[in-house]
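User: I would like to learn how to read features off a structure, one at a time. Can we work through an example?

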Amino acid sequence: SQRDLRLDLFRGFANWAIFLGHIPDAVLSWFTTRNYGFSDGADLFVFISGYTATLVFGRMMLERGFLIGATRLMRRVWQLYVAHLLIFLVYTVAVHYLAHNFDVPHLMDQFNVRNLMDHPVETLGEG
């Protein structure tokens, strides 16, 4: 395999920076890049992922042709889009379930899904 493990390493660091940035008042979050520059772990993760995709699909386009590379790229985009929708669905169902079954209605406000639960058609239409 011609996989560059350095890219995976730095994407892993970026994921840790994202995770640590979401922990309130954590000492370790002061070691992330968001405190020392204009970007945070999410920006770094997206940049490295884009670079990796360019390496993989650019090489494929050069070796097999534009059409094959573009179709493989669109297939990957579709896979990520479907995964994103499924994760969002699981997230909203989990928040709704916890809020209603444990009688903690402020969870929907805290996780920012109140409008989606109260007005699903309008909210999804605006999205």
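User: Is Asn112 buried or exposed?

Analyst: The model is predicted, so every value here is computed from it. Exposed means over 50% relative accessible area. Asn112 has 71% relative accessibility, so Asn112 counts as exposed. The residue sits in the loop between α4 and α5.

User: What is the phi of Asn112?

Analyst: Phi of Asn112 is near 60 degrees, a positive value in a residue other than glycine. Asp103 is another case: its phi is positive, about 50 degrees, although Asp103 is not a glycine.

User: Where is Asp103 found, and is it buried or exposed?

Analyst: Asp103 is in the loop between α3 and α4, just after α3. With a relative accessible area of 65%, Asp103 is exposed.

User: Which residue with a positive phi follows α2?

Analyst: Gly65 follows α2, and its phi is near 110 degrees.

User: Next, loops. Is Thr32 buried or exposed?

Analyst: Buried means under 20% relative accessible area. Thr32 has 7%, so Thr32 is buried. Its place is in the loop between α1 and α2.

User: Which residues does Thr32 touch?

Analyst: Leaving aside residues up to four places away in sequence, Thr32 touches Ala17 and Leu20.

User: How is a residue with an intermediate accessibility described? Take Gly21.

Analyst: Partly exposed is the class between buried and exposed. Gly21, in helix α1, has a relative accessible area of 32%, so Gly21 is partly exposed. For a distance, take the C-alpha atoms of Gly21 and Phe31: these residues are 10 residues apart along the chain, and the atoms are separated by 9.5 Å.

User: Now helix packing. At what angle do α1 and α2 pack?

Analyst: An angle over 145 degrees counts as roughly antiparallel. Helix α1, residues 5-21, and helix α2, residues 41-64, pack at about 155 degrees, with their axes 8 Å apart. That angle is why α1 is roughly antiparallel to α2. The crossing of α1 over α2 is left-handed.

User: Which residues make the contact?

Analyst: On the α1 side they are Leu7, Phe10, Arg11, Ala14, Asn15, Ala17 and Ile18. On the α2 side they are Gly41, Ala42, Leu44, Phe45, Ile48, Ser49, Tyr51, Thr52 and Leu55. By class, this contact of α1 with α2 holds 11 nonpolar, four polar and one charged residues.

User: How are α2 and α3 oriented, parallel or antiparallel?

Analyst: The axes of α2 and α3 are 6 Å apart, and the angle between these helices is about 150 degrees. The two helices are therefore roughly antiparallel to each other. Their crossing is right-handed.

User: Which residues of α2 and α3 meet?

Analyst: From α2 come Phe57, Met60, Met61 and Arg64. From α3 come Phe66, Ile68, Gly69, Ala70, Arg72, Leu73 and Arg76. The contact of α2 with α3 divides into seven nonpolar, one polar and three charged residues.

User: Which residues of α2 are buried, and what do they pack against?

Analyst: The buried residues of α2 are Gly41, Ile48, Thr52, Phe57 and Met60. They pack against α1 and α3.

User: How do I check the length of a helix? What span does α2 have?

Analyst: The check compares the end-to-end C-alpha distance with the span expected at 1.5 Å a residue. For the 24 residues of α2, the distance from first C-alpha to last is 34 Å, close to the 34 Å expected. The 36 residues of α3, residues 66-101, should span 52 Å at 1.5 Å a residue; the end C-alpha atoms of α3 are 52 Å apart, so the two values agree.

User: Which residues of α3 are buried, and what covers them?

Analyst: Gly69, Ala70, Thr92, Val95 and Ala99 are buried in α3. Their cover includes α2, α4 (106-110) and α5 (114-118).

User: Is Met74 buried or exposed?

Analyst: Met74 lies in helix α3, and its relative accessible area is 54%, so Met74 is exposed. Between the C-alpha atoms of Met74 and Leu44, which are 30 residues apart along the chain, the separation is 23 Å.

Notes:
Residues numbered from 1 in each chain as written. Predicted model: local features only at pLDDT ≥ 70, side-chain atom pairs only at ≥ 80, totals over all residues. Heavy atoms only, no water. Axes fitted to C-alpha atoms, helices over the stretch in contact; angles between N-to-C directions. Helix = DSSP H or I, 4+ residues; strand = E, 2+ residues; numbered from the N terminus. Parallel < 35°, antiparallel > 145°, perpendicular 65-115°, else oblique. Left-handed = near helix turned anticlockwise from the far one by under 90°. Contact = heavy atoms within 4.5 Å. Nonpolar A, V, L, I, M, F, W, Y, C, P; charged D, E, K, R; others polar. Expected span 1.5 Å × (residues − 1). Buried < 20%, exposed > 50% of the residue type's maximum accessible area, 1.4 Å probe, protein only.
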